[in-house]
Amino acid sequence: MHVTHLSLADFRSYARAEVPLDPGVSVFVGPNGQGKTNLVEAVGYLATLGSHRVSSDAPLVRIGAERAVIRAAVRQGDRQQLVELELNPGRANRARINRSSQVRPRDVLGIIRTVLFAPEDLALVKGDPGERRRFLDELVTARAPRMAGVRADYDRVLKQRNTLLKSAALARRHGGRAMDLSTLDVWDQHLAAVGAELLAQRLDLIAALQPLATKAYEQLAPGGGPVLLEYKASAPGPGSTREELYGLLLGTLGEVRKQEIERGVTLVGPHRDDLVLMLGRMPAKGYASHGESWSYALALRLASYELLRSEGNEPVLVLDDVFAELDTRRRERLAELVATGEQVLVTAAVDDDVPGALAGTLYAVAEGSVERA
């Protein structure tokens, strides 16, 4: 699968941009602040419905514009599709596939799949649990686009349950009448049901990633490791089937209900879990060196790529200004490992930052223009 054409309207720094793309390696070169990352960010947004740089859509719309449009032509084998997203900050985004009538934005998921390498990846190892949960959930959704709906359902149920718990906590603190919390049982069941589905998918993903991450780390840092991915659940206990996980979540919610009412927040569920990254016998966070942390983050991305590739729809590889962050050895090794990808999009401030293994079509990016060099 590869993108054959990318069109932008009022996206980030681009009033308009038309970028034809070929299979193989495409390298976008230009000084910092000229819009290189904006191009690959747009491709990533089509794949995930989110940006790897910001948490909301407002910064993605060019200053002075009301909306932004991202459009891409995608080829998979003999099949070509046109996918389009209109970003409307403060209002619902809109989507179209093959210029047909409007569809839900999440219906475009799966048409484009990406694996992104970026300077922000270091947060996978050194950052908060939310970074690792996002990594897992985006990859879960790339494998099974229907999980976007499950994640949305979980967020909705969690919000409703937290609202009820917060109201109960405020009433208790201010000496008001005790609230009727009979509906909390219903929300517990909803949260456990949807949470069990998300949790099962995460656990299945980690089992699939483990051998691939081990292999990738050894390729990047021979003799290092071993690496181990451990899921730390807020509802600990044995369980692997959805039914077992449902019972585990529901039981744990019952056990902590008093604490939740006191604090006014949901304390159990996938939103409280973490992926613990072990290097040898120690957690990588806090113990791994800077170089080891980079190797671990890159190994997770390489494992993600190999997993999606093995499942029949090779993703677009995006390397966003990552080589400037790496030493020469890691730079060359990463380039060798990804150079055979069906489509690889690279950004760099200067051409010399890009290893020779990734020689390909060169684009010059400057002042909102993209020209094939």
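These notebook entries record what I looked up in a predicted model.

**Conventions.** I number residues from 1 along each chain as its sequence is written, and side-chain values use heavy atoms, without hydrogens and water. In this predicted model, local features need pLDDT of at least 70 and side-chain atom pairs count only at pLDDT 80 or more, while totals for chains, interfaces and linings use all residues.

**Helix packing.** I looked up helix 5 (residues 182–220) and helix 6 (residues 242–255), which pack at an angle of about 130° with their axes 8 Å apart. Helices here are DSSP runs of H or I, at least four residues, and strands are runs of E, at least two. Axes are lines fitted to C-alpha atoms over the stretch in contact, and angles run from 0 to 180 degrees between N-to-C directions. The two helices are therefore oblique to each other (under 35 degrees is roughly parallel, over 145 roughly antiparallel, 65 to 115 roughly perpendicular, the rest oblique).

**Aromatic pair.** I found that Phe28 and Tyr363 are stacked, at 4.8 Å centre to centre and 25° between the planes (ring centres within 6.5 Å make a pair; planes under 30 degrees apart are stacked, over 60 edge-to-face, the rest tilted). Phe28 lies in strand 3 and Tyr363 in strand 13, 335 residues apart. Both Phe28 and Tyr363 are buried (buried is under 20% relative accessible area, exposed over 50%, partly exposed in between, with a 1.4 Å probe and protein chains only).

**Positive phi.** I noted that Asp10, not a glycine, has a positive phi of about 55°. Asp10 lies in strand 1 and is buried, at 19% relative accessible area. Arg99 has a positive phi of about 60°, and is exposed at 53%.

Note on methods:
Phe/Tyr/Trp six-rings, centres within 6.5 Å; stacked < 30°, edge-to-face > 60°.
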